[in-house]
Amino acid sequence: MIIKSISCKVKEEHKDKFYTDQQKWEVLYRVKGFLGQFGGWSQTDKLKACIYSFWVSEQHYNYFMKEVHDPIFINSGQGKTYYSINVQLFIEKIAFPSNKYIINQLLSETEFMRIATVQVKDEKVKHFEEMQRNVWNIGMSNAEGMQGGMFASSIKEDNSFLVLSGWKNEGFHQSYVDNILPELLRRSNAKMDALIIEGEQFKLEETWSVIPQLKI
């Protein structure tokens with residue numbers, strides 16, 4: 001599965017228009033290979049929009065970009081509402097808890113999203129992946145209010161990773177941060193593996209969520 005991360009810095013005077021224009025991407029539900037999309041406004045930067053979409057394979061995603069993307073983008077008028085955009089692609093390695101319906105859970109049962117992007121020291125990649133599988137995924141799966149998540153690797157950079165987790169609400173996530181996260185950090189020794197750790201969190205904008213309605 002391909003995960004597409006989009007981050008837009010929106011012009012303050014166009015924030016309302018960006019919000020409305022984002023809803024025009026609802027037509028994605030008809031695209032073959034599309035699994036779902038959600039997004040929201042960053043809690044640390046109120047003018048930063050975070051969008052995540054999910055695709056069955058790189059082939060499906062490439063077809064979308066070549067044949068479908070541009071007409072939707074032009075019709076939305078969204079290009080004039082932001083002054084910078086950052087797009088990254090990741091390949092899913094592990095879903096936690098293991099569940100083939102994880103996208104449905106994230107779209108229908110999640111209110112709050114936590115994203116971590118990690119650049120890992122080259123010699124620590126194997127250890128980092130082992131800790132994600134044996135420490136982080138288990139610890140997060142057992143956290144109350146955790147609705148589902150994914151661990152993914154960058155398509156372009158072998159040492160860059162994405163960890164995405166959905167929470168029933170912000171309160172459950174904060175409880176995890178206060179009571180579980182410190183022990184997971186200690187056990188995984190994550191700070192010794194990582195060169196850069198960046199975090200993002202946001203509440204889902206309900207009208208930005210898109211759920212496919214056709215068979216893939």
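These legends describe close-up views of a predicted model.

**View 1. Strand β3 is buried along its length.** Strand β3 covers residues 48-55. Eight of its eight residues are buried, so the rest of the structure largely encloses the strand.

**View 2. Side chains of β3 point two ways.** In a regular strand, side chains alternate between the two faces of the sheet. K48, C50, Y52 and F54 point one way from β3. A49, I51, S53 and W55 point the other way. Residues of both sets are buried.

**View 3. Strand β1 pairs with β3.** β1 spans residues 2-10. The two strands run antiparallel, and eight bridges join them. Among the residues of this pairing, S7 has C50 as its bridge partner in β3.

**View 4. Strand β2 and β3 form a hairpin.** β2 comprises residues 34-41. Its pairing with β3 is antiparallel and runs over seven bridges. F34 stands opposite W55 of β3. Six residues lie between the two strands of the hairpin.

**View 5. S76 is a buried residue of helix α2.** The helix takes in residues 58-76. Relative accessibility of S76 is 1%; buried means under 20%, so S76 counts as buried. Leaving aside neighbours within four places in sequence, S76 is in contact with K17, D21, K24 and W25.

**View 6. S76 and A49 are set 16 Å apart in space, C-alpha to C-alpha.** In sequence, 27 residues separate the pair. A49 belongs to the β3 set that also holds I51, S53 and W55, whereas S76 is found in α2.

Notes
Residues numbered from 1 in each chain as written. Predicted model: local features only at pLDDT ≥ 70, side-chain atom pairs only at ≥ 80, totals over all residues. Heavy atoms only, no water. Buried < 20%, exposed > 50% of the residue type's maximum accessible area, 1.4 Å probe, protein only. Helix = DSSP H or I, 4+ residues; strand = E, 2+ residues; numbered from the N terminus. Pairing = 2+ DSSP bridges. Contact = heavy atoms within 4.5 Å.
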